[in-house]
Each structure stands twice: as structure tokens, then as C-alpha cells.
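Let's take a friendly walk through a protein structure together.

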Protein chains: 2
Amino acid sequence: MKSMSKWKLSVGLALAGATFGVGAYTYEQLSMEEKLRIVPAAHVSGKLHLLPATMETTQWGWFDNAQTPVMTIMPGDTVALETMMHSHNQIVPGTTLETIKKLRIDNPGRGPHTLTGPIFVEGAEPGDVLKIHINKIMPRSYATNFNIPGMFGEFPKEFQDGQVKYFYLDMDKKVTEFAPGIEIPLHPFPGTIGVARAEPGKYSSVPPGPFGGNMDIRELTEGTTLYLPVFVKGALLWSGDSHAAQGNGEINLTALETAFKEMNITVDVIKGTKLDWPRIETSRNWITMGYDNDLNKAWDIAKAETGKYLGQQRGISPEKAVGLMQKVSDCRISEVVNIKKGVYCMNPKDAKSTITVDHPVAETNRYWVTTATDADLNKAMDQASMAMIGLLQEKKGLSRLDSYGLASMSMDCRLGDLSDDSKSVHCLMPKSLWVAKK
Amino acid sequence: MKSMSKWKLSVGLALAGATFGVGAYTYEQLSMEEKLRIVPAAHVSGKLHLLPATMETTQWGWFDNAQTPVMTIMPGDTVALETMMHSHNQIVPGTTLETIKKLRIDNPGRGPHTLTGPIFVEGAEPGDVLKIHINKIMPRSYATNFNIPGMFGEFPKEFQDGQVKYFYLDMDKKVTEFAPGIEIPLHPFPGTIGVARAEPGKYSSVPPGPFGGNMDIRELTEGTTLYLPVFVKGALLWSGDSHAAQGNGEINLTALETAFKEMNITVDVIKGTKLDWPRIETSRNWITMGYDNDLNKAWDIAKAETGKYLGQQRGISPEKAVGLMQKVSDCRISEVVNIKKGVYCMNPKDAKSTITVDHPVAETNRYWVTTATDADLNKAMDQASMAMIGLLQEKKGLSRLDSYGLASMSMDCRLGDLSDDSKSVHCLMPKSLWVAKK
């Protein structure tokens, strides 16, 4: 709350009323283990907690609202949270594709992600909003990208073959070398961050939802703030599926998959504020989103969420506000590989601002471009992204599998004109990835 | 070899002849797992290998020259090596002192250190020298310091009580906060890095020796180069016991104990060059060293090693060169808690340079100072460091256990006048650790 003006809250979250939910909890009640994890930190407001990723503080592949919290914090506290690689750290440089596939097949019903948590946030109650500001992210020095033969990803049928590659993350230069002469810029973000559902039981970590989870929104980097609706007492916050970079679509199933040596977050509770879907605040935008098995329905949700935001911001009805989207909202694909596919829209905080984003239909100075139009957004996305896989082979001489992987980590798929009978997707690949060979 | 002039080698290592030991090994012979760990890296000469720390790539507490290598590299290759916290990552923020003590008692005969390796270096043979240049070190975001009640450390009898503390490592500011108003500067280095002994069997990782190992020399930071004698084919290189900072003496048993998300090293082989003890090259110095159960004998070894170096550098006999040490060598305590205690001497590469280091006998503008003189160097060190523990309580209001811990992480113990019947130790604590409270 300290860092947020009344105005920001009112436009971003339709604030009904905000007070700190400080309950009966006191630090003295914590276990010895939890006390040891609170460390001196004069620069941090609130307490600083260290949360290492161990077999005791992580779960592999599911969210369960009955999971015993691994840490209890107060609103305003900061956590330096560590994450693991997939499958409880079994997918690390050297792990073969065969092993990766076996880990998935032998563990049906759960995701590959290792989730650190849950963190119990004192005072958070159903109907509140959890505010998570990302102060800093530092990944491990390595990452991986793979597609599993004939399984998962946007094109499992077309890719009966697969590959795994490992990469060195150079966080001084903020790039990773994909191949000689090709560098991917690094923008680490949590692929998965979410709270517990209201419903009891173990849920696969794969599909995202109103609770957040596997949102795969690459804008959620250091310096941004995530807002999640709270469904259970204490909220129960997890994160995993740590990414060093990701393309919009994440088409071959994986981003530049890493683990975070540190994701440093400050967590607050906003009382009595209803939120239907997560929102993200960046320096310039409020991001709205929607997820569904059908990308058309995901778009409908994102549209409704955006209408609510823009209506609130401009004092008009949500229905009328939706009509402004073409002028002010920059909508893109988050992912199409997590069972529930996603669309997110970036909406400028400055109500006077109009959209400046390009939706090119052919190659530009800065981008390789593919595009497709269809009444079915799923088909438009499939066509545009498959076209990019072809383009990268033809124009840049990449192999099929490398094209699939590089697009999964770097392609930017934007929504253009969107009517019920004609939806266009524009996929862009930055030419700046190709650098002079050293 | 590329980075080293003939002159540097000749003075540092009494070079008999240097050629690369490239054997029959080719990259094509590597296993699929090892090939997957070699990643694109145009900026690196040689190949870049990723070595994650897992249960398969680490051992807890021993060196064994029969251990199957976890990686094979060529001379000139670079490794981005990861390490774990102690006891196979069981000592992480939240682990109680009781558990730490139990882990040690339940595992007699081996050290607490988790060692990543061994790395087989193609072409390295007994009688060669392994050259390890440290390109970069990045620790995890947390660290610990502890003393175990009545066990280990310089003063087990005097400290029947113990404590464990955890800390946040701020690598942006390169400090950790020990307590409000007290900041420890971070200078990460491998507490333990070494090669296999000639002798078969499992050896505790605690005592250092001619093979390197638990040297605890805090000068071995990013940018420096370590030279180790090779005793077995392939050398077999390990590292662990990762430190974010350490005092000379490491008196309460532990430094600022962390794990490295990355220790990036380039490894070379210098053929046919005899070395009796490890040496370290910094930008200004060649460091010589000695270790023994008796600090007086460790000093004798360091003296002999320094005589060899200075004699070589100046074209005089080692015996005569030892006489120069008082003028040109800056000798300090490495540690007194690893069964074999250590002394190291920093010898300027510039033969015209004379010693500029202070050996104060009383408080200065920059340091709190304690000092002791005795014919027995063990006693002089014990007296000087115990006096510092007292001083920190008296002058700075620290608790006994905090004084012990802070001195273990930050105190600098230097050797002053050293004759057979009078050896002086000067322990300095930088006043700069005390900063204005925020």
C-alpha cells in the first residue's frame, strides 16, 4: 500500500476499501526454523525472510490448498525466494531428452514444475487481493529448452521428433547464446506464480486460472507488480517454472527454463477488493488477461477484463470501454501450450495515450513477420506460428527443431484486427537476435 | 598458457617446460550427457561446460581418487560449476544448530563440505601443474555462520555454547548485514578447491594439503589463478565449501558459508612443472603457503615455499631469499580450524617492491587491533584472537557468540616479527564494518 497511490489503485483494481489485514499473528509465535529465516535487513521495510528451495519447501507439479505452509509472513514483508529446476531438480544440464520424456510419462496428472511454497500471508482472506511486487530476479547460470517428441507443445503431431538444449545464462550481458551468431536477450520472470484455489484437492500445475499459476506472461519481470485474488485464508503463495526468457506462445512447450537463485518479492494484502482475474502493473501499463482451453474464449475473458479496467479508468461502462480497445490496448498471446491458452492486454496507465504498437503484415527493418487471419483465433495463431517456423528455416537456415525452439523462446505474437468473423495474429521475430559472429 | 607470460611463469613456478597435454581424447568420445553440457559460447576460448550440483555430481565430505569423474574437459576449457550448501544442501536458512551438530556427529570421519566434481582434465599427469583461473564467482542469495557447542573451532573449550545465524547476501552492494549497523563486505572465494591425492582411499575433506583442498585462503577470489600439483592422471578437480567472506583464522569454524550458483573457471595444464605446494597468482602477488597440525611447522613450510619463490624471482639461493621475507613478504594466517592450520605469504610480483603492510600493535584510525607474542605461533594466534573476541564485547557491545562469529568472518590476522623464540600475531578488525544505522 505504501508504494501505491489511491489513484493507481482506483484505476487498476476498482478499490472498494484498503486496510492492512494484521491478525493475531506475532513473530514470537513463529517456529525456531522460521525465526532463523528472518535476517537483518535495514534496507527493507517489513521483515526479510529467506526461503531456500529444498525437498521440504517445494512440491513437484501440483497446487493443493491443504499443503502445510512452509513460511508465514506479515503483509509488507519481503521474501528472497529460491526455486528449483523442473521435476525436483532432475532436469539440469546433461539430462537427456529420453529422461525428460520418461519423467513426464511416469508422472501423469501433474505438471513438470517445481513449486516453492506455499507462503501463508497473515491477514489475507477470501475476497482480498494479494499484491506481489517483484524487487529482483536472479536466475541460475544455466537454462534449458526442449520439445518432447509427439507430446505437448503447439504442434505435437507435426513434431514427432524432439530435442533438448542447454544454455549458459550470461546475466552480466543479459543474453544467452542460442547458437553461434544468435543471442537471446534475457528477461527473467516467473512462468508460474499463484495462490491456492478455493477447491480442495491436488491440481496439476499446468493450467493457469483466476488464481494465477502457469500464466507465462513475459512482462512479469523485475520491477512489476502482480495482483491475485485470494481464495483461502492466508492466500498460500507459490512460485516455480522460472523463465529467463520466453516467446509469446511458448510454442514448443518450453521457455528458456531455469531456476531462480533469488526472486525477491514484497507481499501486501489489499482488503475487501474483488478481482476476477489476475492483473499486472508495469511502469506504463496495467495488464489484463484471460485463459481458456479455447483461445477465442480466452480472448473474450481478456476483453471483458479490459473493459472493466478501461471503464473504471475512464468512468464509462465496461461495454463502451471495450470499444476503445482497438485504439488503446496492446493484446498479445501469452501461451498456447498449458491446456488453457492465454491472451493478455497491455493498457496504458495514461488515459491520454493511444496505441503505438505495430501489427506488421510483412518483414520490417526490425522484424521477420508472419501473419494469419481466421474466424477461429486458435487457427490463426497456429497458422502464424507455423509460418514463422517455416520462415526461420527458409530465411535463416535453422533446423526445424531449432526453429521451433527459438520461436518458443523469442517470438512475439500480437493480436491485430479482431472481429467475430476475422481475427488476425501477427508473429514477429526480432532481427536483433542475429548478431555478428565472434 | 595464453594469459601468462614466460616471465610470470618462470618466477611463479620455476617452469621446467610447458606444453599442452592434449591426449587421445576427442569430444566425439564423450557421453551424450557430457555433450549436452557443452554449450554455445563464442566469447570463451576452448569449450564451455555446465556442471550443475546434484546428488550425482557431488560428494559429501571426502576426497577419493577412485571417484568416477563427473565431467571430462580439455586443457583451456571453461567450466561454469555450481556448488551446494554443506551436508548435501541440508544446512540452509532455517536449519537449527541442533540439526547442524547432529549432522556432524552422525557422520564422523568426513567433513561437512559438499564437493562438486571430480573433473577429469585430459592430458594432466602426475608431476604436472593444474592452472585454474577464476573468471567469475556468484554466490546464492544466502549464507550462514555457526559455531558448534564445545566442538571444533579455535576455542571449543571456551565456547560450550553455540549459535547459528543466516544472512542475506546483497551482491549488488557486495555486503551482508550481520546485525543492524554492521555490514560485512563480500569477497566470494572457494574455501575448498583441490585435486586428488596420489594415495587411494576416502579422505576427509577437512584437512588441506599439497593437493590444495580446504585451504581457506580468502585472497583466492574472482580474477586470481590457483596452481595445484597433479598427483593422478586427469588431476581430478573438486570444489565446495563456498565462502562469501572469511576472516583470517576462520576462528569459530565457519566463514560466511554459502553455495555458488556459479564458479566460472578456466583450467589449463602446465606439463612437467614440479610444485610442492599450491600457489596463487593475484594481480600484484604470488601467494605461497604451508599447512600443518602445528602452526609453527606450517610457518616453516610457508617460509621454505617463499624462499623458493623469492630465490627464483631474484636469482639467489632459497636460503638467502628467506632473509628477504621480512622486507617483502606479507604473511597471514589462513585458518586454524581445519586440523591442519595454515599460513600464507603474499609476495609482490614486482621485485623492486617492498612491504607496505601495517602490523599495528594498538588501535589505529582504521582498525581495532589485538596482538600477542610467543615462541609458539599457535599460542600467539590463540591469544591475539581471543583478545579480539574480548575487545569486540567490550568496545562494540557484541555478545560473546557474535564476537566469535564476526571475527571468524572478518578478522585479519597478520604475522609480524618472527624469530624462533618470539613470534608476533596482529589481529585487525576493520572499523569500516560499523556503518550508520539506516
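We begin inside chain A, where 54 residues of domain 1 are in contact with 45 residues of domain 2. Keep in mind as you look around that this is a predicted model.

Now think about area. The size of an interface is often given as the accessible area lost when the parts come together. For domain 1 and domain 2 of chain A, the buried area is about 4,600 Å², and 61% of it is on carbon and sulfur atoms. Which residues of domain 1 lose the most area to domain 2 of chain A? They are A:N248, A:W277 and A:R279, which together account for 15% of what the domain 1 side buries.

Next, look at the charged and polar links. Between domain 1 and domain 2 of chain A there are 5 salt bridges. A salt bridge that you can find in the view joins the side chains of A:K308 and A:D276, with 2.4 Å from N to O. The count of residue pairs in polar contact between these two domains of chain A, both residues being at pLDDT 80 or more, is 26.

Which elements build the domain 1 side? In chain A, α1 (6–13), β9 (142–147), β10 (163–170), β12 (182–185) and β19 (279–281) each supply at least two residues of the side of domain 1 that touches domain 2. Of these, α1(A) gives the most, with 6 residues. Sorted by kind, the residues on that side of domain 1 of chain A are 26 nonpolar, 16 polar and 12 charged.

Now move out to the place where two chains meet. Here 43 residues of chain B are in contact with 43 residues of chain A. Between chain B and chain A, about 3,600 Å² is buried, with carbon and sulfur atoms giving 61% of that area. On the chain B side, the residues that lose the most area to chain A are B:L36, B:Y168 and B:K261, together 18% of what that side buries.

How many salt bridges does the rule find across the interface of chain B and chain A? There are 4. You can look for the salt bridge between A:E82 and B:R140, whose closest N and O atoms are 3.7 Å apart. Chain B and chain A also have 12 residue pairs in polar contact, both residues being at pLDDT 80 or more.

Several elements of chain B each supply at least two residues of the side that touches chain A, among them α2 (32–36), β8 (129–139) and β18 (260–270). The element that gives the most to this side is β10(B), with 4 residues. The residues of the chain B side divide into 23 nonpolar, 8 polar and 12 charged.

Let's finish with a single residue. B:D330 lies in strand β21 of chain B, which covers residues 330–333. Is B:D330 buried or exposed? Because its relative accessibility is 10%, and buried means under 20%, B:D330 counts as buried. The side chains of B:D330 and B:R332 are joined by a polar contact of 2.7 Å. Leaving aside neighbours within four places in sequence, B:D330 is in contact with B:Y344, B:C345, B:M346, B:I355 and B:V357.

Conventions. Residues are numbered from 1 along each chain as its sequence is written. Chains are lettered from A and ligands numbered from 1 in the order in which they are written. This is a predicted model: local features need pLDDT of at least 70, side-chain atom pairs count only at pLDDT 80 or more; totals for chains, interfaces and linings use all residues. Side-chain values use heavy atoms; hydrogens and water are left out. Contact means heavy atoms within 4.5 Å. Buried area is the accessible area (1.4 Å probe) that two parts lose on being put together, summed over both. A polar contact is a pair of N or O atoms within 3.5 Å; within protein, one must be able to donate a hydrogen and the other to accept it, and residues adjacent in sequence count only if both atoms are side-chain atoms. Ala, Val, Leu, Ile, Met, Phe, Trp, Tyr, Cys and Pro count as nonpolar, Asp, Glu, Lys and Arg as charged, and the others, Gly among them, as polar. Buried means under 20% relative accessible area, exposed over 50%, partly exposed in between (1.4 Å probe, protein chains only).
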